[in-house]
Structure formats: C-alpha cells, structure tokens
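Please read it alongside the structure.

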Amino acid sequence: MQFPITRATLHTAAVATADGAIMDVAGCSSVCVQIAGITTATVTFKGRNDGSNWVAIPAKNKNSGVEATTATADGLYDCPVHGLTEFIADITAWTAGTITITAAGIAGGVQAPHTTVAAVV
C-alpha cells in the first residue's frame, strides 16, 4: 500500500539562526528530515497542534539510532508527528555552515479529526 507523502523545504542555504518554514503535518504519522551543511550548529525539532505554542519533539537519527530533540550533525532524522498539525525545524544555534533542511511527511495510521472543542465548565 502506498501512503501519501508531503514534502517541504524548511531552510535553504541558511547561514544564521532562524525559524524554519512551517510544514503542515495534519494526517501524517511521521516526518523524515534531511539536514545538510551543518559545520557548527544546532537544529531543534518542534511541533504543535494549537496553532501558537511550539514544543520540542524527539527525532531519531536514522544512522546512529540516537533519539534527541536537537541535531548537531548532517543526516536523516525520523520525527513522530501523530496528532500534530504543524512541524518546524529551527536553527537555534549557529556558528558555521550553510544549512539546508528538507522534510517528507508520511501519512498513515488513524488520527482524530481536527476540530476545536470548547470546554464546558
């Protein structure tokens, strides 16, 4: 079975700290992020489902198997995004490097519908 994929470029040749482009991940179960060009920098993986508050989320380095909310080396990273609506990979520290970050969202699994529910008090 083929799952739909959504692709995004989050940074292109970045040479400073910066917020990345926001990727719509509604309906995705995971995002595979490719980072290229880090010399001395830190990328922080974040997600949200409320439209305003970013929260750091873990990503698993596909080469080493290490899981962390940040990356300091080029490579491929898997981020679980079930239940999230948006994903971002921010360059939170930068000293050197020309960084490009791309991502592919993989749809799969069952997710709750995206509706807003008001609390009853």
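1. Is Ala-13 buried, partly exposed or exposed? Ala-13 is partly exposed, with a relative accessible area of 42%. Buried means under 20% relative accessible area, exposed means over 50%, and partly exposed lies in between, with a 1.4 Å probe and protein chains only. Ala-13 sits in strand β1. Its phi is near 50 degrees, a positive value in a residue other than glycine.

2. A word on the basis. This is a predicted model, in which local features need pLDDT of at least 70, side-chain atom pairs count only at pLDDT 80 or more, and totals for chains, interfaces and linings use all residues. Residues are numbered from 1 along each chain as its sequence is written, and side-chain values use heavy atoms, with hydrogens and water left out.

3. Overall fold. The protein chain has nine strands and zero helices. Its pattern along the sequence is β-β-β-β-β-β-β-β-β. Helices (H or I, at least four residues) and strands (E, at least two) are DSSP runs, numbered from the N terminus. Of the 121 residues in the chain, 34% are buried. The accessible surface comes to about 6800 Å², and carbon and sulfur atoms hold 55% of that. These areas come from the Shrake-Rupley method with a 1.4 Å probe; for residues, only the protein chains shown count as cover.

4. Contacts along the chain. Take the contacts with a separation of 6 or more: 78% of them join residues 24 or more positions apart. Contact means heavy atoms within 4.5 Å.

5. The core. The largest nonpolar core has 25 residues. Such a core is a set of buried Ala, Val, Leu, Ile, Met, Phe, Trp, Tyr and Cys residues joined through side-chain atoms within 4.5 Å. The residues with the most contacts inside this core are Val-33, Ile-35, Phe-45, Val-81, Phe-87 and Ile-101. The elements that give two or more residues to the core are β1 (5–14), β3, β8 and β9. Strand β3 gives the most, with eight residues. In soluble globular proteins, nonpolar side chains tend to be buried together.

6. Leaving out residues up to four places away in sequence, Ile-101 touches Ala-8, Thr-9, Leu-10, His-11, Val-33, Gln-34, Ile-35, Val-43, Ala-89 and Ile-91.

7. Aromatic rings. The count is one aromatic pair. The ring centres of Phe-45 and Tyr-77 are 5.6 Å apart and their planes stand at 40 degrees, so the pair is tilted. The rule takes rings of Phe, Tyr and Trp (its six-membered ring) with centres within 6.5 Å; planes under 30 degrees apart count as stacked, over 60 as edge-to-face and the rest as tilted. Phe-45 lies in strand β3 (residues 28–48) and Tyr-77 in strand β8 (residues 75–80), so the pair ties together parts 32 residues apart in sequence. Both Phe-45 and Tyr-77 are buried.

8. A buried aspartate. Asp-90 belongs to strand β9 (residues 86–107). Its relative accessible area is 4%, so Asp-90 is buried. A polar atom of the Asp-90 side chain lies 3.1 Å from the backbone nitrogen of Gly-20. Beyond its neighbours within four places in sequence, Asp-90 is in contact with His-11, Ala-18, Asp-19, Gly-20, Thr-42, Val-43, Thr-44 and Lys-46.

9. Cysteines. The disulfide count is zero, where a disulfide is a pair of cysteine sulfur atoms within 2.5 Å. Cys-32 is partly exposed at 23% relative accessible area, whereas Cys-79 is buried at 1%.

10. Two further sites. Arg-7, in strand β1, is exposed, with a relative accessible area of 65%. Arg-7 and Ala-103 are 96 residues apart in sequence, yet 5.7 Å apart in space, C-alpha to C-alpha. Neighbours within four places aside, Arg-7 is in contact with Ala-103 and Ala-104. Gly-97 lies in strand β9 and counts as buried at 15% relative accessibility. Its C-alpha is 6.4 Å from that of Thr-40, 57 residues away along the chain. Not counting residues up to four places away in sequence, Gly-97 touches Ala-14, Val-15, Gly-37 and Thr-39.

Definitions and conventions
A polar contact is a pair of N or O atoms within 3.5 Å; within protein, one must be able to donate a hydrogen and the other to accept it, and residues adjacent in sequence count only if both atoms are side-chain atoms.
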